[in-house]
Amino acid sequence: MTALVVTDCVGLWRRTLLVEADGSRDESTDVAWLQGITAYVDSRGFAGRLSQRGDVFEWSRAVDLQPPSEHPDAGRMRWEGSTLIESGVHADYVEHWVRDEAGRSPCWGLMGRGPTGDYALLLRVGGLFGWASSSQVLIAEVDGPDWQALGAHLTETELRAGGGRWKIARTEGIVDL
């Protein structure tokens, strides 16, 4: 078995199983995670940057529509066949993730910072995009109605999208709107 690295995670992932600390199982909640080079958007209402130390992966949340957690969002990940298994480090849980066969190129991400210090993240992986701001988190198809409604426009120093303006704080990949 080969070791897992962050770049192996690029693509759209769907959760097929969650096992909580009490042993309860959830196989029906629709959860999607769109992963770029390091930037990610999670349909549960958060987005940011994925980092790795050994086999521990941490999802730093620049945008989070959920109540703050007492611990970092970190898990150990490994392959089991074509399923990515995530086991909690600070919380007792196991999640199974399966990658959609959608394209993974182009792949880029853009993080912007608003005038009040809030962040927004725009991510593209293949024909999909992820958007996260203080008012909305979504994963949808590029050129679909959600993409059109977002109205993303990029200048050298600024991202305009979703009715807001953010100074570009960080990019990854070749950003091309």
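**Close-up views of strands and salt bridges**

**View 1. Arg-78 is partly exposed, with a relative accessible area of 38%.** Here buried means under 20% relative accessible area, exposed over 50%, and partly exposed in between (1.4 Å probe, protein chains only). The model is predicted: local features need pLDDT of at least 70 and side-chain atom pairs count only at pLDDT 80 or more, while totals for chains, interfaces and linings use all residues. Residues are numbered from 1 along each chain as its sequence is written, and side-chain values use heavy atoms, leaving out hydrogens and water. Arg-78 forms a salt bridge (a side-chain nitrogen of Lys or Arg within 4 Å of a carboxyl oxygen of Asp or Glu) with Glu-80, and their closest N and O atoms are 2.9 Å apart. Glu-80 is likewise partly exposed, at 47%.

**View 2. Asp-55 and Arg-76 join through a salt bridge between their side chains (3.4 Å, N to O).** This pair links distant parts of the chain, 21 residues apart: Asp-55 belongs to the loop between β5 (46-53) and β6 (56-64), and Arg-76 to strand β7 (residues 74-80). Helices (H or I, at least four residues) and strands (E, at least two) are DSSP runs, numbered from the N terminus. Asp-55 is partly exposed, with a relative accessible area of 37%; Arg-76 is also partly exposed, at 42%.

**View 3. A salt bridge connects Arg-170 to Glu-172, with the closest N and O atoms 3.1 Å apart.** Arg-170 counts as partly exposed at 22% relative accessibility, whereas Glu-172 counts as buried at 9%. The structure holds 14 salt bridges. Elsewhere, such bridges link Arg-15, Asp-26, Asp-42, Arg-44 and Glu-95 in a network.

**View 4. Strand β11 (residues 119-125) is largely enclosed by the rest of the structure, because 6 of its 7 residues are buried.** Strands pair if DSSP finds at least two bridges between them. With β10 (residues 107-113), β11 pairs in the antiparallel sense over 7 bridges, and Gly-109 stands opposite Leu-123 of β11. The hairpin of β10 and β11 has 5 residues between the strands, and Gly-117 takes a positive phi near 95°. Strands β11 and β12 also run antiparallel, joined by 5 bridges, with Leu-122 opposite Trp-131 in β12. Their hairpin has 2 residues between the strands, and Gly-126 in the turn has a positive phi of about 60°.

**View 5. Ser-133 lies in strand β12 (residues 128-133).** Ser-133 is buried, with a relative accessible area of 3%. Leaving aside residues up to four places away in sequence, Ser-133 touches Val-63, Leu-65, Tyr-119, Ala-120 and Trp-166, where contact means heavy atoms within 4.5 Å.
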